[in-house]
Amino acid sequence: MTEPMPVISVRDVHVDYPGHPPVHAVRGVSFDLFEGEVVGLVGESGCGKSTMARVLTGLVPRTEGEVEFLGESVEALGIGRRPVELTGIQMVFQDPGSSLNPRRRVGSQIMDGLKLAAYRERRRLAELEDLLDDPDLPPLLTRTASRSLPDQPKTPAEWLERVGLDAADANRYPRSFSGGQRQRIATARALAAQPQVLIGDEPISALDASTQARVAYLMSTLAVSQGTALLFISHDLSVVRLIADRLLVMWSGRIVESGPTEEVWSNPGHPYTKSLLAAIPAPDGAGRLPAMPESQADFDAPPVIH
Amino acid sequence: MTAVLRIEDLSLGIRTEDGLRPILDGVSLEVQRGQVQGLAGESGSGKTITGLTVIGLEPNRSEISGHIWLDGQDLLKLTGSALNAVRGAKVGMVFQDPSTSLHPQLTVGSQLTDHVRYHLKVSKDEARDRAVQALDRVGVQGGRATLARYPHEFSGGQRQRIAIAIALACDPAVLIADEPTTALDVTVQAGVLTLIRSLVDSLGLAVLFITHDLGVMSAVADRVAIMRHGQIVENGLREQVFTAPTHAYTRELLASLPGAKGGLESRADLARMFPDGGLELASPEGLEL
Amino acid sequence: MTRPQLTADVPVRRSLTRRIWRAVPKGLRQPLGAVALLIALAWLVVCAVGPQIAPFDPLAQDLPRLAPPGEAGAVLGTDELGRDLFSRILAGARVTIGLALLLVCLSMLVGSTLGLVAGFFGRWVDEAIMRFTDLVLAFPTVILAMVTAAALGASLFNAVLAALVVSWPQYARVVRSIVLGLRGNEFVASGRLLGFSAGQSIRVDILPNVTGPTLVMASLDIGTAALLLSGLSFLGLGAKPPTPEWGSMVSQGVTHLNQWWLGVFPGLAILTVVISFNFIGDALRDALDPGAEKA
């Protein structure tokens, strides 16, 4: 059996924001994302995790390095329409207050995703027809592949039901939904496009604690069920570890530790990961104050790969 | 032990076009000297309004009943200058986001001394001495030189420490902390929580600690009150509330949290807790999306 | 114990009249606002049927000259040519208010389009448009309008063009800043990720969120526009005699200070229009402000 091909491969990406002095938000990040897996990208504010999300979608240009989506280089989004080959990467954003257009019914917003999926499917069929003339398999085939699985919802109403809302909600406006419901709708919108990759950029951090785990779990089960790779970005390791297969820990623009979730959680190797884990207060009633990091001096240690 | 701050049967409604909208319904709480009384709840439960009402910052068009006792005075009966004399001097308040609760155009020194001079009628020099002491107490180094600096020159964690110093500059008996660590990173949060706990233990401060984060609550509170829909559904010692909650709502809240007793520990727990994949909207006890 | 959920809206059955009443913006339900609304509506009716309901022909010069109000059947008196002032004010409503509306529509169209393009595309497009806007704004409004009107030649249409030259920049600036704010919104980014073209993004995600505030601004601007046009006519750069236009009527009144009615009544007409549309604009702004209804 051949080695599985990553859907997204990130190689030595650097991002500088212009300014005086320029801010080095990301300094040399590399990782792969495979089909159907859930990867947690965790770190604290300013570590570059959100910048990474925006680089993967092309919303922010990278200064150096390479990002490939199924063999296609991901370039920064300009004024023009996003290349259809790259629409297989979708994103759910942080702020439930602005992740949906307040002046459009939610059904029509989910429809955007469905339309994109249909367009990608038509493109795929057209390419298949071209194949009859061309004996060599063009790589485009995989990029626009729409995974129209048999049990996928076909209408906004079905998608709403898929994320636990009412079919009749399609006619309502975003303001009549709670934060958690809006994030479900945003997830439905993104997944309706049948992407190969879904990026969640702190999608649960604005929600009440009791709903965070539930929304995160819903996102991961839906993504996995349609074979979509999920990159779940969060500062809250305690929720991410529940859904992620693998963890990437970022600090100061670099990945300082990576590996299977259970190993990173129970056996952290990097000094930063250790202090991050020690600082999480557990709701166990023990009255234990979380530990403060002694110093940041040893955070520059080489990355730990499990 | 006597309570420094006693909230008695506090109810609050906001007048709207459709009549009175209830926000708080018979809230009773006591905060003792040297103790952290936690007040936890989800957004919209009324925990923040409770804190604001104590210092007389209730929302506009409010109708309030009940009592808030501090030093034998009912704060709800105070108005104007009598209320001002209590605010800042006898009750300090720390808010969620230090980048907006501190005035960006004033030096740390003037924010630390202005209200001290107003309340305690001390000289400028004495106020500055007190300010340096206050900064020292919260672990912000640099002495008098620090007073001339502006909030933006400090990190988020340091700003919150400065906000705490300002709240404590007049030696109030009570500190109300409304989500004081929510805007901070966990590693920074650990330091601020440790600071608050040590201030309580060393100064005998009484703290009403408001947060949605039960992990934080478990780390710092002595007693924990759980609030929902404007009512306190459970109030007890920390260990009892976290390990043997009496109210079904508390049990369900804890069960939905990673790291709690009986809470979520793995993906398998998630699958057991949400057999439908997380679809169902509301549980019987009203935890909802 | 069950309790109603506190944050949810409790559905209350209301009578139909009450529901209609509640649909009226709050600001207009106050006595002053209601009066303003009535005055504005009355003026719009006058615009439509003014000349038909006028007691005299507004151009006919067959009454005694400079008759004070009440004499010779002229309710508001007559001017130096023996024309009925009341009839001229009714007929002039169409000219003054009509042109003010036209002016506001045109400047909204021109200004918003430029502001939208500048805000959405940014970079050099933004630079070019906004520097040009600043250039126009750098001139004193009335003087620039006067110069333009004088250069184009005195006529009502040219007065509108001249007023347009000075009144579009404020729309451009406001719309640009709204668009800049919207562009940072996550739903706009998410639309782009779903393959929206720039045009689609503007049409679907930007425009619907810009129209509300822009309309409010326009309604607040109607009074100012009427004032500016009247001002140009007052200076002899707008309506030519014998067209009944309120500004030029006030201007005639200035030369007859002893015959106070000549200036006061057209002046009052302008005043009521300006104030009533301002009230409506304020009420609209409150009604459309999403933060206003949150308690």
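Guide: Start with one pair of residues in this predicted model: Asp16(A) has His24(A), in strand S2(A), as its bridge partner. In general, strands of a sheet pair through backbone hydrogen bonds, and the sense can be parallel or antiparallel. S1(A) and S2(A) make a hairpin, with five residues between the two strands. In the turn sits Gly19(A), whose phi is positive, about 160°.

Chain B also has antiparallel pairing, in an open sheet of four strands with the order S2-S1-S4-S5. At the edges are strand S2 (19-32) and strand S5 (73-74) of chain B, each of which pairs on one side only. S5(B) pairs with strand S4 (residues 62-70) of chain B in the antiparallel sense, over two bridges. Here Gln73(B), in S5(B), is the bridge partner of Leu70(B).

Chains A and B also meet each other: 44 residues of chain B are in contact with 38 residues of chain A. On the chain B side, the elements that give two or more residues are helices H8 (186-203), H9 (214-220), H10 (238-243), H11 (248-255) and H12 (267-273) of chain B. H8(B) gives the most, with eight residues. Sorted by class, this side of chain B has 20 nonpolar, 15 polar and nine charged residues.

Chain C is built in another way, with eleven helices and zero strands. Read along its sequence, the pattern of chain C is α-α-α-α-α-α-α-α-α-α-α. Of its 295 residues, 44% count as buried. Among contacts in chain C between residues at least 6 apart in sequence, 67% join residues at least 24 apart.

Helix H10 (residues 246-254) of chain C has nine residues, and seven of them are buried, so the helix is largely enclosed by the rest of the structure. The buried residues of H10(C) are Trp246(C), Gly247(C), Ser248(C), Met249(C), Val250(C), Ser251(C) and Gly253(C). To count as buried here, a residue needs 20 or more other C-beta atoms within 10 Å of its own.

Terms used. Residues are numbered from 1 along each chain as its sequence is written. Chains are lettered from A and ligands numbered from 1 in the order in which they are written. This is a predicted model: local features need pLDDT of at least 70, side-chain atom pairs count only at pLDDT 80 or more; totals for chains, interfaces and linings use all residues. A residue is buried if 20 or more other C-beta atoms lie within 10 Å of its own, exposed if 12 or fewer, and partly exposed in between; C-beta atoms are placed from the backbone. Two residues are in contact if their C-beta atoms, placed from the backbone, lie within 7 Å. Ala, Val, Leu, Ile, Met, Phe, Trp, Tyr, Cys and Pro count as nonpolar, Asp, Glu, Lys and Arg as charged, and the others, Gly among them, as polar. Two strands pair if DSSP finds at least two bridges between them.
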